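Hi everyone, thanks for coming.

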Amino acid sequence: MHLKVKLIDPTLPMPEYKTKGAAAFDLYSRVEIEVPPFAPVIIPSNFIVKIPKGYFLMLAARSSLPKTGLMLANGIGVIDEDFCGEDDEIGLFMINLTKNPVKVDKGQRLAQGILTKIAKAEKFVHTRKMSKRSRGGFGTTGKK
């Protein structure tokens, strides 16, 4: 599969898988920015990506991201296949969870992108009752 990518700043690198076994490629900051404490900020990633039909691009935090004090403010991001216009640069919605400003360098890797195949329901069917057996509710898996 070929992924069409437009770089806003061509001096920064194209996305790449860092190892043969990597499931995701890194997304990074196009700018140097200081993120204030407890404030959500959208950091431009430098990428506009044409997602293939039948897929979406999931954005997830890199495993090393918590070391910086930053987290993806929305947990994960979903980039749809039709988000690929000239002004549709992927933004990384970050929040600083520390009491101090966090400096992000231009080119700093912050998130990772995972191409994911989409499965859609053919139809949503209303029912008045589900099966009689219940798992027990939120947070009950593994409890006896």
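Let me begin with a definition: two strands count as paired here if DSSP finds at least two bridges between them. With that in hand, look at Leu-27, which stands opposite Ala-111 in E11. Please keep in mind throughout that this is a predicted model.

That pair of residues belongs to the sheet I want to show you now. E2 is joined to strand E11, residues 109–117, by 4 bridges, and the two run antiparallel. Strand E6, residues 55–61, is also antiparallel to E11, with 7 bridges between them. If you look for Tyr-55, its bridge partner in E11 is Lys-117. Put together, we have an open sheet of 4 strands, in the order E2-E11-E6-E8, with antiparallel pairing. At the edges are strand E2 (25–28) and strand E8 (77–79), each of which pairs on one side only. From one strand to the next, the twist averages 35 degrees.

Now for the other sheet. This open sheet has 3 strands, ordered E4-E9-E7, and again the pairing is antiparallel. Why is one side of E4 and of E7 left without a neighbour in the sheet? Strand E4 (40–44) and strand E7 (70–72) stand at the edges and each has a single partner strand, so there is nothing in the sheet on the remaining side. Neighbouring strands here are turned by 40 degrees against each other on average, ignoring direction. Between E4 and strand E9, residues 91–96, there are 5 bridges, and these two strands run antiparallel.

Leaving aside residues up to four places away in sequence, Met-94 touches a list of residues including Pro-40, Val-41, Ile-43, Leu-70, Met-71, Leu-72 and Leu-110.

On to the loops, and to Glu-89. You'll find Glu-89 in the loop between E8 and E9. Is Glu-89 buried or exposed? The cut-off for buried is under 20% relative accessible area, and Glu-89 counts as buried because its value is 19%. What does its side chain reach at 2.7 Å? That would be the backbone nitrogen of Asn-46. The Glu-89 side chain also reaches the backbone nitrogen of Ser-45, at 3.4 Å. Beyond four places in sequence, the residues Glu-89 touches include Ile-8, Arg-30, Phe-47 and Phe-83. For a sense of distance, Glu-89 and Gly-75 are 14 residues apart in sequence, and their C-alpha atoms are 19 Å apart in space.

Asn-46 deserves a look of its own. Its place is in the loop between E4 and strand E5 (47–50). Asn-46 is buried, with a relative accessible area of 0%. Its backbone is worth checking too: Asn-46 has a positive phi of about 85 degrees although it is not a glycine. As a reminder, most residues other than glycine have a negative phi.

Phe-38 lies in the loop between strand E3 (33–35) and E4. Here the relative accessible area is 53%, so Phe-38 is exposed, whereas Asn-46 is buried.

Methods:
Residues are numbered from 1 along each chain as its sequence is written. This is a predicted model: local features need pLDDT of at least 70, side-chain atom pairs count only at pLDDT 80 or more; totals for chains, interfaces and linings use all residues. Side-chain values use heavy atoms; hydrogens and water are left out. Axes are lines fitted to C-alpha atoms, for helices over the stretch in contact, and angles run from 0 to 180 degrees between N-to-C directions. Contact means heavy atoms within 4.5 Å. Buried means under 20% relative accessible area, exposed over 50%, partly exposed in between (1.4 Å probe, protein chains only). A polar contact is a pair of N or O atoms within 3.5 Å; within protein, one must be able to donate a hydrogen and the other to accept it, and residues adjacent in sequence count only if both atoms are side-chain atoms.
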